[in-house]
Every structure is written in structure tokens, then in C-alpha cells.
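Subject: A structure for you to look through

Dear colleague,

I am passing on the structure we spoke about, and I would be glad if you opened it before reading further. My notes come after it, so that you can follow them with the structure in view.

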Amino acid sequence: MATNWFPLLISHLLFISFPISVSSLQNLYEVDVHSLMPSNVCSSPKDTKPRLRVVDRYSPCSALPQPQSFSHEQILSNDQLRVDSIQGHISAVSGRAKNSDPLASSKITAQYGGSFGIANYIVSIGIGTPSKTLTVAFDTGSDVTWIQCEPCQQYCYPQLESIFDPSQSSTFANVSCNSNPCKDVGYDCLGSSCLYGVLYGDGSYTLGYYAEDTLTITPDVISNFRFGCGQNNNGTFGGIAGLLGLGPASESFVSQTSYKYNRVFAYCLPALSSSTGYLNFGTDSNLPNTQRTPIPKSPRSPFYYYLNMTGLSVAGESLKIQSKVFSKAGTIIDSGTVITRLPPDAYKALRSKFRKRMKQYKMAPSFSLFDTCYDFTGLDSVLIPSVGVQFLNNVTLDLDPNGILYVLDISQVCLAFASNRRRTDLGIFGNVQQRTFNVVYDVPNGEIGFSSEAC
């Protein structure tokens, strides 16, 4: 049977966002403490543009039944698994470490993916003719798109929607074993049919046939789209049907649809778990007042989108961090990593300045990844210093407050950044810090752009 382990990068909206009562006071945000907790009611803006609606997996805006929610400890622990797997993968590709592959005894060369995640952003797509609507996570750190398929073998996880049945689609076909697309996925064969396999860093996996069928991204219909038809799948997939891979490799959705969308796409991750964002493809992804920074070509790994992070600021003051601190290991942008990971020296500088500007508030115990937390019990409002993330080309992203703080509860609100263990560990710009920005990936021009307050 086919095996395709594909990294699910998508991350999580359980970061609790909050409205701002005063937008900015001398590089400070005045935040209403009573609005820190999320709403159980979906707030979805009316939008007539042709793009996919993005929601958190556990959002009241999701059409899927809500599974049992995970604890903050589980969310952050799973996020660290993803980070470890991405960093380990890049080290292996760089020849500095050997990647452990559970399928090494098999003939199949499994693709490698970061931890799939237990809290992901999801969209609805259509597969087959007639089209069957399925809910999938989307991930810029993954390339192979896959869904669960019938006849499902004994190792398939519970799915909240009915599993796709290829026999009911008039346009379904297996990819040939001798084809170049089959070679791209790291293949084995069963007869003349191509098999795929993706193994995630947390032990999740998907295995099956590599196939092609009609894909519907409303309102567009894409013929002969190649994807994994998984018949042996297991892991922390949260009941969704599979994954939409938006990575840069040849087998990704972005590359397969280059004739139509020219390898340009954008998303906006909502500020609140009770609100919605979007995923858009093509030239309409660009917005006015977009700040653009180049995508550097890294010899370390072609599987991710890189950025040149150059600095940080707190309350409008640039921190004294040498540029080599960021350039030593490099930085990627990842829709599936929750918390931004910084080089140790950069994180220490950020933490020190943030604590200094927050010294009037009572500190709370550390929690998981976080060592800078505050107790806002009994307060009506608090003043939060702005945090800016700087990239090459004089690009500065002034994060919304919901990209600065991670709220466990009112008595434990933490600075939403984490330090890497080593100076040589890859930096990752995570999805919490990306919230409310229109993040546009303009691959032909080698740029990533950011527009604020887009959703």
C-alpha cells in the first residue's frame, strides 16, 4: 500500500486574542482585561471576494463538530515537537544530523514533515466529480496534499466527515509508477500505481496511493490535481479529512497550480478564535501598503520559505542585537508553528526590555515555553508595550497585542515568544505573530509581503 507522511503545519488559534480600547499611546496598547477571554459566538465579516474562509479548528465558526479541546500544555508541547522536527529535518538535509525514519526498513522513501499539530487552521475544498466537500488544514511547511480515502485499511483515524471514495468520482486516476510526479513524492510502487508516504515529527503519518482528480477551490476548478489518497493514516489530525500543502516544492498546491495562480497566494489568520480569516490565490492576494522583504535562497533546505530577520523593537525602541545573531541560523516563516522561536541572545534582549516596560504589573509563574508571565487579576485595563519584528528591506511589523501575549487565564498572561536552545537552531516566525496581517507569498518575485489589519 501507499504511504505518505506529510507535515501538517498549521497552527493554532487557541491563542486568545483581545480587543484594544485605545489603539496606541506612545507605543503602548491599552487593553481591556475583561475582554481577554474568547467568545463562544462566531464573528464572521461579510466578504464577497473569491477566497477560502479560514477558521481555527476549535472555533465556533467551524462547521465541524467540536472535539474535546486540548490543554495549553498539550498545545505548547505539540508545538515544540513541530519545531524540533523542522529543525532536525533541516539539520539532516544540511548533513549535520541523521534523520530517524520509521519507514527505513520499507522500500518506500517517506517524505518528512513537521509535527502535524493538534490545533490547526482549516479550510474547505472539493475533491472529485461530482465534488465532495472536505475540511483540511493548510500548511506552508508541507508540500504533499492528502486526504483519507476508501477503502480505508484498519489504521485510519476517526474523521468527522465521510471519507472520500475514489470509486464515486468519474475523474479519479492513480498516478503512474514511472512518472516524474511519482518520483517527486519519494515513491514506491504497487503494480503500475504510485505509492506515497509522509511521516510527521510527532509520529503521525499518512500512507496510500498517489492519485489525481478534480480539485475545487471555490470558484475555481482544477483538473488533474495530484494528491495522496491515504488508506493507512494515524495521528493527531483532529477529525479533519487531510491537508492542503502550500510549501515550495514541485508537488505542492502552489507549484501544481502555477499556470493559474502564478505561485502567488496569501492568507490572513484571524485575531480571535471566534472570528475568521481567509486564504487567497493569485494576483488578488496583493493589498495596498504592503511591506515586502526578499525570500533568501538557503542552501540548508528547499522545503521552507525563508526570511531575513534583522531585529526587534519594544515600545518603539530597537533592541541592541548584532545582525549575526539572526543570520547565523536563519529564519523561516511557518503557518503551522504557533510560537515564534528566536535565537537565545535575541530572546534575552526582548525579554529584558519587555519586563522593564511591564514592571508595574505582578509577575506570574512561568508556564511551558514561557518564562515571562503576568497576573492581571482585578485590573480593568493594562498598558502593553508594542513589539516590532524587523526584516530585510526596512520592513517592520508592529504586532497587534494578540500577537504579543499568550493568555492562559487572567491570572497568567505570558509574552508569546520562546527561545531556541542553541544559537545555531533555525529561527521560526510563527502564526501567533502573523495574526491579522495579510501575508502574501510572491514566489516568482522572491518576496513575502505584509499588510496590517487585513482581517
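This is a predicted model: local features need pLDDT of at least 70, side-chain atom pairs count only at pLDDT 80 or more; totals for chains, interfaces and linings use all residues.

The secondary structure of the protein chain comes to seven helices and 32 strands, and of its 455 residues 58% are buried. Among the contacts whose separation is 6 or more, 73% are made by residues 24 or more positions apart. The chain exposes about 17600 Å², of which carbon and sulfur atoms supply 49%.

In which order do the four strands of the open sheet lie? The order is β22-β23-β28-β27, and the pairing is antiparallel. Strands of a sheet pair through backbone hydrogen bonds, and they can do this in a parallel or an antiparallel way. Because β22 (363-364) and β27 (405-409) each have a single partner strand, they stand at the edges, and one side of each is left without a neighbour in the sheet. Strand β23, residues 373-374, is joined by two bridges to the antiparallel strand β28, residues 412-415, and there you will find Tyr 374 standing opposite Val 413 of β28. Helix α6, which covers residues 344-357, packs on this sheet and touches β22, β23, β27 and β28, while its direction makes about 130 degrees with that of β28.

Tyr 305 lies in strand β17 (residues 305-307) and Tyr 441 in strand β31 (residues 438-442), so the pair ties together parts that are 136 residues apart in sequence. Both Tyr 305 and Tyr 441 are buried. Another pair is formed by Phe 437 and Phe 450, whose ring centres are 6.3 Å apart and whose planes meet at 85 degrees, so this pair is edge-to-face as well. Here the parts tied together are 13 residues apart in sequence, because Phe 437 lies in the loop between α7 (431-434) and β31, and Phe 450 in strand β32 (residues 447-451). Phe 437 counts as buried at 4% relative accessibility, and Phe 450 is buried with a relative accessible area of 1%. One aromatic cluster takes in Tyr 305 and Tyr 441, together with Phe 138, Phe 225, Phe 253, Tyr 261, Phe 265, Tyr 267 and Phe 281.

Is Gln 390 buried or exposed? With a relative accessibility of 15%, Gln 390 counts as buried, because the cut-off for buried is under 20%. Gln 390 sits in strand β25, residues 387-391, and its side chain is joined to that of Ser 318 by a polar contact of 3.3 Å. Leaving aside residues up to four places away in sequence, Gln 390 touches several residues, including Asn 308, Met 309, Leu 312, Val 395 and Thr 396.

Asp 84 and Leu 426 are 342 residues apart in sequence, and in space they are 9.7 Å apart, C-alpha to C-alpha.

Definitions and conventions: Residues are numbered from 1 along each chain as its sequence is written. Side-chain values use heavy atoms; hydrogens and water are left out. Two strands pair if DSSP finds at least two bridges between them. Contact means heavy atoms within 4.5 Å. Axes are lines fitted to C-alpha atoms, for helices over the stretch in contact, and angles run from 0 to 180 degrees between N-to-C directions. Buried means under 20% relative accessible area, exposed over 50%, partly exposed in between (1.4 Å probe, protein chains only). A polar contact is a pair of N or O atoms within 3.5 Å; within protein, one must be able to donate a hydrogen and the other to accept it, and residues adjacent in sequence count only if both atoms are side-chain atoms. Accessible areas come from the Shrake-Rupley method with a 1.4 Å probe; for residues, only the protein chains shown count as cover. Rings of Phe, Tyr and Trp (its six-membered ring) pair if their centres lie within 6.5 Å; planes under 30 degrees apart count as stacked, over 60 as edge-to-face and the rest as tilted.
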